[in-house]
Each structure stands twice: as C-alpha cells, then as structure tokens.
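Subject: Structure handover

Hello,

The structure is below, with the sequence. My notes on what was found follow.

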Amino acid sequence: MALLEVKELSVVYRTPFGIVNALNDVTFNIDRGESLAVVGESGSGKSTLALAVSRLLPPNARYVSGSIMFDGINILRLSSSEIKRIRGTGIFMVFQEPATSLNPVFKVKDQLMEAVRIRYEKEGNAFDESKAINEIMSVLRDVRIPDPELIIERYPHQLSGGQIQRIMIAMGLLMRPKLYIADEPTSALDVTVQAQILKLLRDLKREYGISILFITHDMAVASIIGDSIMVLYAGQLMELGPTKSVIYEPRHPYTQALLSSIPKISKDEGKLPAIGGTVPNLLNPPTGCRFHPRCPYKMDICSKVIPSLVKVDNTYVRCHLYGQ
Amino acid sequence: MGSDVIIRTEHLVKVFLAKNYGIINKILGEKPLFVRAVDDVSIEIINGKTTALVGESGSGKTTLGRLLVTLERPTSGRIYFHNIDITNIKGKDLRNIRAKLQMVFQDPYSSLNPMMRIKDIIGEPLRNRGVRDRELNEAVAKIMSEVGLDYSSLATRRPSELSGGQRQRVAIARALITNPEFIVLDEPTSALDASTQAQVLNLLIDLQSRHNLTYLLITHNIAVAKYMSDLVMIMYMGKIVEIGNTSIILKEPLHPYTQALIESVPDINKPELKPPSGESVALLIHQRVVGSTQDAHSEWIYAVKRSHPL
C-alpha cells in the first residue's frame, strides 16, 4: 500500500470575487521512500495541493470531493487534535515563505531542540540534551549553515531568508517524518546552495526511506529530485509519470511546451518556442481542458469536455489526443 | 577592439557601509564595517552584443549594473561611455547620458508605480525630457506596439490589472522610449512563469536587432545566459573571476568557481548535481565584513578545488 493516496481531490476557495477552482480532480500515490515532484506555474494549484495534504488550507478553502489516505488513515476525517499528532513526525512541511515559519520569540536552538524532543518521544527514547545538540550541529552543517554554534543562539529575525529556509529544512531532517512536503524550498536560494540541498534531500530519502512531495516551478529541479513528476496546469492534473518518461517522452501538449520553452540553444540557432497567451484566471477557468486556449493541437471537443485521465504506457495523461 | 567598446571601466570599486554607523557608534569607539560590493572591476562591453553577468546573490552584480548606468557613484575607479569619462558627470550632461543608458529591473511587481496609468509610466522618461501632448502619446503608442502591448486596451490601465509578462513589457517599453544604446537587464525574467519567460526573451532579442542595442544581462540562470548572450562574465564576491565567449566558458570553464556554479545548475539532462563541498557564500560575506577578505576567498576556492580538481 502506498504511503500517500490522493483520490479525485478537488479544492475551492471562496473569495469576494467568487469561487476559485484551485484543484480539480487530482489523483496520485506516493510510495514509501519515493519522491514525487509537482511542477506548475503560478496559479496551477501546486501550493494548494501541498496545503491540502497537510490539512493546512486557509479557512476560506473547502474540500469539495475526494479523499487523502496517509499511512492507511483518511486525513480528511481526522479532528484537528488527531491531525496534530500526524504533523511533524508523520507529515512535515517546509513552506515557500521562510520568514514566517519560525516562532519569533524563541531562539533557533530551542525550536530545533523541540523537534528532536518530539521525535525522541515518538520513538520512545529518553531525551538526552547533549546527544540532541550533537545531532542538531551535524544537521546544520549538512545544510551548509555557516557557524552553527553562533546561529543557534540567535532569534529568527537575526537571520537571512536563506538561513531560515535552511534551518527549516534542517528541522525536517531532525524530525525524520514519513512524508516530507517541500513547497518551493529552494526557489529563494542560490544555485550552489540549491544543489547542496537537493542532494541532501536525496540522501535523506535513500538513508531513512522518507517519502518526498516536492513542489517546484522548475522542470529541471523536478527532474533532479523526483522519481515521478506530476504536471499541474490551472488546477488540473495534466500528466503524471516516471521522471524519465515525462522528461524524454512528454505526452501532454502543455508538458511538451513547458519543456521546449526551457532555453537550451543559443539565440543564433533560433527562436525559443514560446507558449502564447497567459495562465488563465481560476475565477473563470476555460471550459473543458483548461489548456485549450493556448494549445497548438486544439480540437472541437477540447473546449467542451474535460478529458479524463488515461494511462498511456506508464504515464497518466489528461488530454483528448490520447485514449478512446 | 577600440571603437567597438561602448562602455569601459577601470578599477571600479563600490564600497557600502555594512551597518548603520552613527554618532553613537562613534562615541562608543566602534569601527565602521564596510562591504566591497564591487571590487576592482575593469571590463569592456562590446557594442551591439549581449554580455551576461552571472553570479549568485550578494556577488555585486546588480551594483555593477547600477554603476554602469550612473544610478550609483563609484567609490573609486573610472567609467567611460564611448571613451567619454562619465564617472563624475553632472547636471545636463548626466541627464543626456542617462537617456542613452537604461535599466530594466528584476521585479515588475515592485518597479512600476501602482498609482500611475500604463501610458504615463512608459511616457514618463520622455516627459521629463520635455516631450508633451500628441508627440508623447504617439511615441508611447509606437513603443507599446513594438513590445507587444495593445495601446487601445491597456494605455489607461494600472499595473495591478496586468500579468507579470505584460508588466515586464511595460518596464522594457519605458526603458526603450528614450532611444538608449545600452540597457542593463537585471534578471528580466526571474519573476516570470516558465511559459512567459520565453516570450519576453524572444522580444528582447527582436528589439536588440531592430534598435542595435547593447545589453548587459544580469542573471543567475545559466540557461538564460546561454541563450541570450555572446559574452559572459562570472562575478564572485565583487570580482569578475572569468570572462569570455559564452559558448566556450559554459563548455570549458576554467575558474573553479565557474566550474562549481555550472555543476550546480539543474538540467533535465543531468542525472545528478555536483555542488561544491565548501562553506556557503554567506559566511564569506560575513567574514569579509570583519576584514579577512583574502583568507576567506582562498578558503572557499580551496574547498571548491578539492571537489573539482583542475
């Protein structure tokens, strides 16, 4: 049985301007020790997906349909006190916006220490402060925090965004959750640090069998971190499959366009194939396939019927070009 | 090269105060701390070409860009534009030179005044130069159509009603309207979605050939640098560490830092990244503030060398 099973999940936001269809009929699994990279542009629903799985959606959001099974438990049925027990050592989440992730009134050391204490409790071990400190130091070195002995004595406001992000990632490493959700954790960091952290997450997955749900807008980052890749567009799951298939044999026109718009050549060799138009407004999404207004292979049916998710070889695609 | 050089700098240095230093600090006998954001940079920018300036945050690339378009004054060193010394240019001469040197900023969500209408944002640089009324409107309409913005539907809108890609087109139009020769593009697509990035890059290349523009493209995205640029400069801790033809540098980088940077860039054809094993840059900036530039620098390079033997 997979660690995380999401079935036909739909989420909407109620806003003063109307209902926003943030996620529409999303289905996927993550096995133990597997990583899934979710790729999407702004407004694709990728952050909503991360929040939905950890039950952290804002109050104006509503689960319309579907189920989320984590470790055999339907997360959507749990009370808020029951879900608290799953967060942290069951599901850990690193947010895109690092500045607000830590408690401003406690030193970094206290907050990391709490993470270790919770894990020790879960494992049934007695808490040992000196052992915990050693562990914290070694994890902080792993995430390339300079001068960790000085940093842990500081308060969050004395740190840079990049440092806080690395401390959050370190906290996740200390918790050793079953599912590690990361929402664009490296987007604000430099490429050399990003590469170090991606490598660290891969090591973590291999050593402790942790499953990873990694949200990103960057196809290249997704190909490095994900065993599988899921492509979201305007709240619809467009393509889901093993990384190699999605990268080298993209089926969905949107995935194809996204991959070909990554600059690979030099300007002397030709123009970049660009996708025309812009990402749709989800207050009033296009009918049928939400990519149809920008799609080069548009057919009559595309604007009328939402394509169903069909399996082509080992890949799931939502497109009228396939199946039937 | 000679006349092919549009901008040349000699030993350019820009030093910033790292921390506020006021009278209290003076009374307490504290020493001011300085950061050398740009540290002895001597470069030549070739006319009509795109030079990419690649580096990580805090490397001083934006500061160098701002120095070249006279938005900052250098602490020492000289800048020449067509062999005219513009380092300490003032008054009317400065205004005239600035029309020729423009900049497109990184974030179109904060670089455009939210209270102004699109046509006023784009027309403002010309207005400041005394152009009015019909002449101004015609110039705005012409430049808007060149960057792919519809004048009739967008001219009276405000930035909040536009998408990211459209906003960046507004910023480009505003930079172009004074008919510049040299434009600094500071991460022009890093705030945009992948599918709109390609549109904006294509537009920039079209405009370059149409107006014979010279670009300095500031970026941390190697793929963008590879696509856009003829020459590339790699900047690290305020210094240019490697400079040359884009195709050669990206294929066979010589400087250990360039090698580490290129190895770290995620690519769909790369199965694994090889990040440098050294300490992060943040430490070095911290150390540099307290004064041991040389030690910190060599330590990092040493660390990089160990994982990437030359």
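**Domains of chain A**

Chain A is divided into domain 1 (4-90 + 177-318) and domain 2 (100-176), with bounds that come from an automatic or database domain assignment. This is a predicted model: local features need pLDDT of at least 70, side-chain atom pairs count only at pLDDT 80 or more, and totals for chains, interfaces and linings use all residues. Residues are numbered from 1 along each chain as its sequence is written, while chains are lettered from A and ligands numbered from 1 in the order in which they are written.

The centres of domain 1 and domain 2 of chain A, taken over C-alpha atoms, are separated by 29 Å. Between these domains, 14 residues of domain 1 of chain A are in contact with 14 residues of domain 2 of chain A; contact means C-beta atoms, placed from the backbone, within 7 Å. On the domain 1 side, helix α7 (residues 191-208) of chain A gives the largest share, six residues. Helices (H or I, at least four residues) and strands (E, at least two) are DSSP runs, numbered from the N terminus. That side of domain 1 has eleven nonpolar residues, three polar and no charged. Here Ala, Val, Leu, Ile, Met, Phe, Trp, Tyr, Cys and Pro count as nonpolar, Asp, Glu, Lys and Arg as charged, and the others, Gly among them, as polar.

**Contact of chains A and B**

The contact takes 40 residues from chain A and 37 residues from chain B. On the chain A side, α7(A) gives the largest share, seven residues. By class, that side holds 20 nonpolar, eleven polar and nine charged residues.

**Nonpolar core**

A nonpolar core is a set of buried Ala, Val, Leu, Ile, Met, Phe, Trp, Tyr and Cys residues joined through C-beta atoms within 7 Å; buried means 20 or more other C-beta atoms within 10 Å of the residue's own. The largest has 171 residues, and those with the most contacts inside it include Val38(A), Ala170(A) and Ala173(B). Helix α6 (residues 161-175) of chain A gives the most to this core, nine residues. Leaving aside neighbours within four places in sequence, Ala170(A) is in contact with Leu112(A), Val139(A), Leu140(A) and Val143(A).

**Strands**

Strand β12 (residues 315-318) of chain A is joined by four bridges to strand β11 (residues 309-312) of chain A, antiparallel; strands pair if DSSP finds at least two bridges between them. Lys311(A) has Tyr316(A) as its bridge partner. β11(A) and β12(A) form a hairpin with two residues between them, and Asp313(A) in the turn has a positive phi of about 55°.

Regards

Technical notes:
A residue is buried if 20 or more other C-beta atoms lie within 10 Å of its own, exposed if 12 or fewer, and partly exposed in between; C-beta atoms are placed from the backbone. Two residues are in contact if their C-beta atoms, placed from the backbone, lie within 7 Å.
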